[in-house]
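Dear colleague,

I am handing over the structure below, and my notes on what was found in it follow directly after. Please read them alongside the model.

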Amino acid sequence: MSQPTIAVPTPKRPQSIDRTRLGWPLGFTIAAVVVVVFYGFILPFLVPGVRVWVQDWLPISEINVALIWAMSALGLNIVVGYAGLLDLGYVAFWALGGYTTAWLMSDFGFGGKVNFNIFGSPGAASTGGIHLNVVLVFLAAAAVCALFGVIIGAPTLRLRSDYLALVTLGFGEIIPQIFRNGDPDGLGFNLSNATLGIGPIDSMTFVRINKGEVAVGQMNVFDHVGRFILFSLLTALIIFVSLRLRQGRLGRAWLAIREDELAASAMGVPLMRAKLSAYAVGAIAGGIGGVAYALHLGRMLPDPFTFAVSITLLAMVVLGGMGNVWGVLLGALVISWFNSTGLPQIGDSFNSTFGTNVDFPSFNFLIFGGVLVLMMLFRREGFLPESRTRLVLHEGEAGDTQAEEPEQELVDETTVKSGDVK
């Protein structure tokens, strides 16, 4: 009599690459390629009516501005979404990155006291001032913003919630005021040319796409497709760094601090080092956004850096999905488009349809506030919530058992690292 056979299931081998996580990066890459092909090779040859409609509703210049907002929002997401440190003065890093670009890529020259060119714009060799290559400017802006991130982070180590928000709010108000009064009448020396600003900023050498023709050379103010390629690469870099940091030891420390700072400290998480790292990394992303903003604008003025910018960035993080990189990216793009192009165009369509004369852009903050209230009432986790945030916010609906389940990605990573779990 033969023995009955028992089928033993073959354990699955851990995969080095989770294919389900490639969806969003592939989607972002495909979307960027589609934008480049459409605006560089197709749109110039379409009929005028279609060109005007696209330029009215979704101009490439505003897409570039939306990417700049996205870079800064992704940096703020590291501070607020990952580490749980409420920051109301993030606009300061945006301003620092922009003014670092203006100092190092223009003929401002601090009163004509300096004059050198390091791989900068060839056309600016004899105009005085500092003219660095744009890559060096990005590195310099990242270093400056990281330094100020540590400076603002150091005195806030013992602060939480509202008190931390007040400190960052003060920092965000001080930096723009310094730039706004940075002339001999204000500071005693010319730091920022006050309200006149610094400009023009040197043009950079990059890919130029104009009406189907591709070339490499000095960019002018109308090379929006080339800037879109640069800004897309910078946004992809910040996304990559954000995702990798979150999966590493430092990201685990930030998440632990966000959930319970006291418990994290008791479990051996170095609070000081983790908080300073969060401020520094977030500040670097904000500084990169500032450099991109200066390159897009061609000069730097202090007026745009107001408290409303910090609040708008925070709203992008919250509405998109605090802690979720792709959610924050989506929230930044949507809100930026709504503020710049969407609301005026919707208003014009409404007025032409119903024969009214309502100034929709003047109700911007009213509509924005209403959307925030509705989101907090019906979808607090944002457009694309982080898995753990969604479980915590819906704990009462899903039950305690589900809410206490760890994130699947944490389980997967632990299983892969241990190597002996079958």
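How far apart do the end C-alpha atoms of residues 66-85 lie? They are 24 Å apart, in a span that is 85% helix and 0% strand, where helices (H or I, at least four residues) and strands (E, at least two) are DSSP runs numbered from the N terminus. This is a predicted model, in which local features need pLDDT of at least 70 and side-chain atom pairs count only at pLDDT 80 or more, while totals for chains, interfaces and linings use all residues. Residues are numbered from 1 along each chain as its sequence is written, and side-chain values use heavy atoms, with hydrogens and water left out.

The unreviewed UniProt entry places the feature "transmembrane region" at several spans, including residues 22-46 and 66-85; positions follow the numbering used here, feature names are shortened, and such annotations may be inferred rather than shown by experiment. Residues 22-46 are 80% helix and 0% strand, with end C-alpha atoms 34 Å apart.

Elsewhere, 3 strands form an open sheet of mixed pairing in the order 1-3-2, two strands being paired if DSSP finds at least two bridges between them. Strand 1 (105-106) and strand 2 (115-118) each have a single partner strand and stand at the edges, so one side of each is left without a neighbour in the sheet. Strand 2 pairs with strand 3 (residues 129-132) in the parallel sense over 4 bridges, and asparagine 115 stands opposite glycine 129 in strand 3.

Finally, strand 4 (residues 205-210) and strand 5 (residues 213-218) run antiparallel, joined by 6 bridges, with glycine 217 in strand 5 as the bridge partner of phenylalanine 206. Their hairpin has 2 residues between the strands, and lysine 211 takes a positive phi near 50° there.
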